Amino acid sequence: MKYEIYGIKFRKLRKQQHLSLKQAAEGVTSRQTLGNWELGKGDMDFTKVLLLLRKIHVQPIDFLENSVSEYLRQITGEISSMYVNDQTDNLHQYAQHALNVNHDNVKDKIAFFRACVACNYLLDLTGKDLMNKSDKLRLNSFFNKVQNEDEHWYYEDVYFFGNTQSVLNARKIYELAYSLNYYAKGHSTSNKEWTTAVLNTLINALFVLVKKDIDLARRLDLILSENLNLTSDIYSFEKIRFNFMHNLIEYIFTQNNAKILRQFEFLQFENLIDLESGFRTAYDQVNEIYFHKD
């Protein structure tokens, strides 16, 4: 990144934490390169900036404004397009190629990220899982580090979790959602993009658990019901989604779909057609899984 302001801003934060140039640069870049960047005299690769921010425990989404979310959307944009347009053959080829690239260069984190996200969406669309045991161990290892080493969730970790849930087992999804929920509760922020990402990732985890393990889904639902703060109108979309997931879980145990049907009527009345369509798809999936209804 060439923007002089970022290097200067990083230098100020580093000094506040009493970290030397050598300590901050270790394992990421050279002391000289970091020093030049801090003085506005050099460039710094974006991925290295993210690693440097981890060293000083600063959320990239706050430090770099919208740069992080835009960066992540760029590296997964092609995958998202194939998924949305139901291009299963193209997505299969992309996922297999990404895995091959990753296997040839295990140090390439972006290749690994792309491979996992592509495999996640392919599995969601087709039920076909391309990831081998070693791939999944590496993915679990990544999240274990988030959970166990510093218990610090960065925006890119939330994004990665939200886009790999289909290829994780139910227990891991529950553990990560539990961890993320309590991290977010203890680290409040005014950053709407961060909060929205956390809320939607937790709600998505709830639905994936509904399809994988209903008992864990119910446990997570109870935790989120007590902890999610959805009182603000700016999170009305997330509140609607969470209420639907809650009603879906209740339906599975009671087989009473009255609340779900009322929610469909509400969405129709409010002309939220896309949201209603997504909910109906989820409802159909649940009927097929638990009640064998086509």
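Sorted by class, the residues that line the second largest pocket comprise twelve nonpolar, five polar and twelve charged ones, where Asp, Glu, Lys and Arg count as charged, Ala, Val, Leu, Ile, Met, Phe, Trp, Tyr, Cys and Pro as nonpolar, and the others, Gly among them, as polar. The model is predicted, and totals for linings use all residues, whereas local features need pLDDT of at least 70 and side-chain atom pairs count only at pLDDT 80 or more. Residues are numbered from 1 along each chain as its sequence is written, and side-chain values use heavy atoms, with hydrogens and water left out.

The largest share of that lining, seven residues, is supplied by α9, helices being DSSP runs of H or I with at least four residues, numbered from the N terminus.

In the lining of the largest pocket, α12 gives the most, with nine residues, and the classes there are 15 nonpolar, 16 polar and six charged residues.

Elsewhere, helix α13 (residues 214-227) packs against helix α14 (residues 236-254) at an angle of about 140°, their axes lying 11 Å apart; axes are lines fitted to C-alpha atoms over the stretch in contact, and angles run from 0 to 180 degrees between N-to-C directions. That makes α13 oblique to α14, because angles under 35 degrees count as roughly parallel, over 145 as roughly antiparallel, 65 to 115 as roughly perpendicular and the rest as oblique. Residues of α13 including I214, R218 and L224 meet residues of α14 including F242, H246 and F253, contact meaning heavy atoms within 4.5 Å, and by class this contact has seven nonpolar, two polar and three charged residues.

Definitions and conventions
Helix = DSSP H or I, 4+ residues; strand = E, 2+ residues; numbered from the N terminus.
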